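Trainee: I would like to learn how to read a model made of two chains, step by step. Could you guide me through it?

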Amino acid sequence: MIWRYAVKRFLTIIPVFIGISILVFSFIRLIPGDPAVAMLGERATAESVAQIRENLGLEKPITEQYLIYVVKVLRGDLGKSILRGDLVADDIRHRFPATVELTMAAMLVALLVGFPAGIISATRRNSIFDNASRLVALTGVSMPVFWLGLMMAWFLGVQLHILPVSGRLNFDTTIQPIRILGHEFRTNLYVLDSLLTGNLPALRDTLAHLAMPAIALGTIPMAIIARMTRSSMLEVLGLDYIRTAHAKGLSEQSVIFRHAIKNAMLPVITVVGLQFGRLLGGALLTETIFSWPGIGLWAFEAIQARDYPVVQGMTLFIAAVFVLANLTVDILYTVFDPRIRFD
Amino acid sequence: MQQTLLAPDAAAPGRIKSRSLWRDAWHRLIGAHTVRFGMFILVTFTLMAILPPLLLPYDPQVDSSLSMRLEPPSWVHPFGTDGQGRDVLVRILHGSRVSLGVGVGSVLLSVIIGTLLGLISGYAGPKVDLLIMFFMDILLAFPGTLLAIAMVAMSGPGLRNSLLAISVVSIPTYARIARSTVLSLKQREYVTAARCIGCTAPRLLFWHVFPNSLPPLVVQSTLGVGSAILETAALGFLGLGAQPPAPEWGAMLADSYKYLTTGSWWVLLFPGVAIMLTVLGFNLVGDGLRDALDPTLRM
């Protein structure tokens, strides 16, 4: 049953992918004037402009250009950086693990704080804790992520010297590749790599570098999760089956943990899924501040350098990840709430 | 919306007070402390946006005095001075004009376009509906901030392009609200009756259907201004929004980033506080409006 739903749901994203590719493809037309001149600068020679136009296929009819673009993308070719000549797909492969590690850590921070805070808020409604946590949550969603990051970097990094301000590792720390059956490989998720190789100093260094960016990036989802959990928990606590559970003499703890939380979690799952996509967008700012070598920092550098193919390829990649994340959440949702499958 | 609410007055049993639903909502709205606080913030920042340019003319082009670089807060410069010797307070005051202007402007634009698309989509029949909603779904397939950043990165930095990108990104939200109102009301008797007496489609949509989507639109657009201000600041921080030396809060933070290690905390702190307070104001009022206008959406 779940498989049938999953396949059906999977088919619906095909038109979405086509739409995304059209939009991202037409990005290059947003560039004012001649894209080739814009990329190379005003002092470019006629030959190099012609070369870029040739590379981008700008001389061909637009439908043909689009089809060529789609075929390339399907082959995993997302274009080439003008600045460094690297393949965009290769750069994504190298840099994405850093971003994944950061967003995962941010989401973990958000869930570990936001979910319990929401539950306590709902069960102790209008208490000091409830009011304080609502105020903090509201302030959290009102704050620019990058500003919070800057303030943390200044206070914890520059003033108190508790945490490192930039990068993923200290220069003198190395992480050995994982060895399994004579094969060497890395996941490039440093926490995982250092754990699997039992390299505790590297693990400590990784976590220290990860802490500030993860907290800064996790603040907004934390606030949203706390607000969502509170409201959905309040709704569930008002339902008849909870009253029944109370009436048959169950303890408060048992009512909350065994009966209420499961149902209150449903809307939270949706929010978590949506926030993953937002985190990828927010990572651009957070990575820039903490010099975190993921795709966000790389996109920032590409934007500064007007390296359009990189901006284009990166946008397409993140949109694809966002759509797939939402799809996963939708399918997961049916595992928790079987009613949806029958719609 | 012109119904009256009959509420027996406990103090004088004979008198009956009547209030319109909008008035009733207004009373519920300003009854909350948080909303009053939010309104206070918004009024303050609006005054900051309107008054200083009149009372305290400022030209960012000529404002620079290198002998006063990075002075800490004092009586003369309550918020200190930045890396080019410019008064941070003056720049924040003038920056509120930019942030509020872009925030409100972009939301107005997306509300108008989004509502129109939503009304047409809900009313015009399945083919048009499918087409319009397909485009909306595509826009929603991107994380909003990222799409705005990518669009401005492509079309060239500047306030005008930022405003356009921010509004394009939020069009689908308003289109969906307007569309769902049309879909839920299309079959109602009063709409059919209006159509029967010869009401034209535009009149039907704008006069009879549209007013019903106002409460959710008002709530969403109030919250929307808050997020538009955050996005403006993010674009400014990335160097894609207002260009220096314009006093924009996000761009001011980007500038202060350079002085992170010098211990000049004031250039970092105050522009961020200004952004946070303004957005908090819109969020508080927006949440209050949601509770007052649309109790079913209450968080």
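Predicted model: local features only at pLDDT ≥ 70, side-chain atom pairs only at ≥ 80, totals over all residues.

Trainee: Which residues of the largest nonpolar core touch the most other members?

Mentor: That core has 162 residues, and those with the most contacts to other members are Ala106(A), Phe146(A), Ile225(A), Val311(A), Ala148(B), Ile149(B) and Ala150(B). Helix 10 of chain B, residues 265-293, gives the core its largest share, 16 residues. To look at one member, take Ala148(B), which, apart from neighbours within four places in sequence, is in contact with Ala165(B), Ile166(B), Val169(B), Glu231(B) and Leu235(B).

Trainee: How many residues of chain A are in contact with chain B?

Mentor: On the chain A side there are 41 residues, in contact with 35 residues of chain B. Several helices of chain A each supply at least two residues of that side, among them helix 1 (2-30), helix 9 (200-237), helix 11 (252-289) and helix 13 (308-336). Sorted by class, the side of chain A that touches chain B has 30 nonpolar, nine polar and two charged residues.

Trainee: How do I describe two helices that pack against each other?

Mentor: The general idea is that two packed helices are described by the angle between their axes and by the distance between those axes. Here, helix 9 of chain A and helix 11 of chain A pack at an angle of about 160°, and their axes are 9 Å apart. Because angles over 145 degrees count as roughly antiparallel, helix 9 of chain A is roughly antiparallel to helix 11 of chain A. The crossing of these two helices is right-handed, and the residues of their contact comprise 19 nonpolar, six polar and no charged ones.

Trainee: At what angle do helix 1 and helix 13 of chain A cross?

Mentor: Their axes cross at roughly 160° and come within 10 Å, so helix 1 of chain A is roughly antiparallel to helix 13 of chain A. This crossing is right-handed. The contact is made by residues including Ile2(A), Phe10(A) and Ile28(A) of helix 1 and Tyr308(A), Leu316(A) and Val335(A) of helix 13, and by class it divides into 17 nonpolar, four polar and two charged residues.

Trainee: What should I look for in the loops?

Mentor: One thing to look for is the backbone angles. Asn188(A), in the loop between strand 2 (183-185) and helix 8 (190-196) of chain A, has a positive phi of about 65° although it is not a glycine. Ser291(A), in the loop between helix 11 and helix 12 of chain A, also has a positive phi, of about 45°, and is not a glycine. In chain B, the peptide bond from Pro244(B) to Pro245(B) is cis, with omega near 10°, and Pro245(B) is found in the loop between helix 8 (201-237) and helix 9 (249-256).

Trainee: Why does Ser291(A) count as exposed?

Mentor: A residue is exposed if 12 or fewer other C-beta atoms lie within 10 Å of its own, and Ser291(A) counts as exposed because it has 12 such neighbours. Asn188(A), with 17 other C-beta atoms within 10 Å, is partly exposed.

Technical notes. Residues numbered from 1 in each chain as written. Chains lettered and ligands numbered in written order. Contact = placed C-beta atoms within 7 Å. Helix = DSSP H or I, 4+ residues; strand = E, 2+ residues; numbered from the N terminus. Nonpolar A, V, L, I, M, F, W, Y, C, P; charged D, E, K, R; others polar. Axes fitted to C-alpha atoms, helices over the stretch in contact; angles between N-to-C directions. Parallel < 35°, antiparallel > 145°, perpendicular 65-115°, else oblique. Left-handed = near helix turned anticlockwise from the far one by under 90°. Buried ≥ 20, exposed ≤ 12 C-beta atoms within 10 Å, placed from the backbone. Core = buried A, V, L, I, M, F, W, Y, C linked by C-beta atoms within 7 Å.
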